[in-house]
Amino acid sequence: MDKNRRYLRNPSREELGAHTSDQQKGITPPPFEKPAAPGARLIPLVPADRMELGRMPLVDAIRDRESRREFVDEALSLEELSFLLWATQGIRRVSPKGTWAMRNVPSGGCRHPFETYLRVRRVATLAPGLYRYLPVEHALVAVDAPGAAPEVSLAEVCYGQEFVDTAAVSFVWTAIPYRTEWRYGPDSLKDILLSCGHVCQNLYLACESIGAGTCAIVAYDQDELDRFLGVDGEDEISLYVAPVGKAARP
Ligand SMILES: Cc1cc2nc3c(=O)[nH]c(=O)nc-3n(C[C@H](O)[C@H](O)[C@H](O)COP(=O)(O)O)c2cc1C
């Protein structure tokens, strides 16, 4: 078996049987949101029940969706950004004990191992820079992780895909693998990757419904993207990039 194809396969029953997950051991689950630094200033977003966006019929959004790489020089409003974040990682309900949360996308075992980073260039009321979404608070926090390099060209990190630097805002999702491994151990890899696809698809459809567009990107330099965000590439790993802007339509 080619070692790369191996990653597409589920572990065998024997491999799974030999593993005792941290959940089975009774270990406390990890937090489902990476906390903001103590005292960090949170930037509130528009709450879901006050958003008026996204009323396009689903059939139109699905039919018109395509990967968009041409953006007009227009800012997104804070409400539009709030809508896109809610559609992709917004939380509906936190469990009574506060150990897990239901979101607007599915995720294996409800583990939701993702964090959303935003490289903001043109969003009304937000200074350009790097931010992270806090779904529990439905707020943003500026990222000033040691080593983060938001001034670097994200297009260069994405192997020179120049349209990336013309986006109003780029979403970058990371995975914190232990959130899923806590429950599924060696059976986590496919779960994490498949779950991330659901997140990006909601972004595609939500973008269509507000006259914006996006393009999923996996062609990037792993070390450079981890450095760009200030994550260690092991306990938190960059996974997927999605530049967003008001789309040039014929
Ligand atoms: C997992 C994945 C990775 C992708 N990576 C890139 C990329 O690095 N650069 C790019 O321009 N498009 C990328 N795309 C977009 C595809 O090229 C695009 O979905 C495909 O050509 C079909 O076009 P459509 O999305 O308009 O239907 C990616 C799409 C997916 C789902």
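E4 and E7 pair in the antiparallel sense over seven bridges. E4 also pairs with E5, antiparallel, through four bridges. Strands pair here if DSSP finds at least two bridges between them. This is a predicted model: local features need pLDDT of at least 70, side-chain atom pairs count only at pLDDT 80 or more, and totals for chains, interfaces and linings use all residues. Residues are numbered from 1 along each chain as its sequence is written. Helices (H or I, at least four residues) and strands (E, at least two) are DSSP runs, numbered from the N terminus.

- Glu 115 of E4 stands opposite Thr 174 in E7.
- Tyr 117 of E4 stands opposite Arg 132 in E5.
- Seven of the seven residues of E4 are buried, so the strand is largely enclosed by the rest of the structure.
- A residue is buried if 20 or more other C-beta atoms lie within 10 Å of its own, exposed if 12 or fewer, and partly exposed in between; C-beta atoms are placed from the backbone.
- Phe 114, Thr 116, Leu 118 and Val 120 point one way from E4.
- Glu 115, Tyr 117 and Arg 119 point the other way, and all of these E4 residues are buried.

**The loops on either side of E4**

- Cys 110 lies in the loop between E3 and E4.
- Cys 110 has a positive phi, near 55 degrees, although it is a residue other than glycine.
- Cys 110 counts as partly exposed because it has 14 C-beta neighbours inside 10 Å.
- The loop between E4 and E5 holds Thr 125.
- Phi of Thr 125 is also positive, near 75 degrees, in a residue other than glycine.
- Thr 125 has 9 C-beta neighbours inside 10 Å, so it counts as exposed.
- Val 123 has its place in the loop between E4 and E5.
- Val 123 is buried because 20 other C-beta atoms lie within 10 Å.
- Val 123 is in contact with Ala 75, Leu 76, Leu 78, Leu 81, Ala 168 and Val 169, leaving aside neighbours within four places in sequence.
- Contact requires that the C-beta atoms of two residues, placed from the backbone, lie within 7 Å.
- Val 123 and Val 169 are 46 residues apart along the chain, and their C-alpha atoms are separated by 7.2 Å.

**The hairpin of E2 and E3**

- Three bridges join strand E2 (residues 91–94) to E3, and the two run antiparallel.
- Six residues sit between the strands of this hairpin, and Gly 98 takes a positive phi near 75 degrees there.
- Ala 101 is found in strand E3 (residues 101–103).
- Ala 101 in E3 is the bridge partner of Val 94.
- Ala 101 counts as partly exposed because it has 17 C-beta neighbours inside 10 Å.
- Beyond four places in sequence, the contacts of Ala 101 are Phe 32, Ile 91, Arg 93, Val 94, Ser 95 and His 112.
- Ala 101 and Glu 156 are 55 residues apart along the chain, with 35 Å between their C-alpha atoms.

- The largest nonpolar core has 56 residues.
- Such a core is a set of buried Ala, Val, Leu, Ile, Met, Phe, Trp, Tyr and Cys residues joined through C-beta atoms within 7 Å.
- Leu 84, Val 169, Leu 203, Ala 242 and Val 244 have the most contacts inside this core.
- Elements that each supply at least two residues of this core include helix H4 (78–89), strand E7 (169–175) and strand E9 (237–246).
- H7 gives the most to this core, with eight residues.
- Helix H7 (residues 189–209) has 21 residues and reaches 31 Å from its first C-alpha to its last.
- That reach is close to the expected 30 Å, which is 1.5 Å times one less than the number of residues.
- Gly 211 follows H7 and has a positive phi, near 75 degrees.

**The ligand shell**

- Glu 66, Ser 67, Gln 161, Cys 215, Ala 216, Ile 217, Val 218 and Ala 219 surround the ligand.
- The shell has five nonpolar, two polar and one charged residues.
- Ala, Val, Leu, Ile, Met, Phe, Trp, Tyr, Cys and Pro count as nonpolar, Asp, Glu, Lys and Arg as charged, and the others, Gly among them, as polar.

Key:
Near = placed C-beta within 6 Å.
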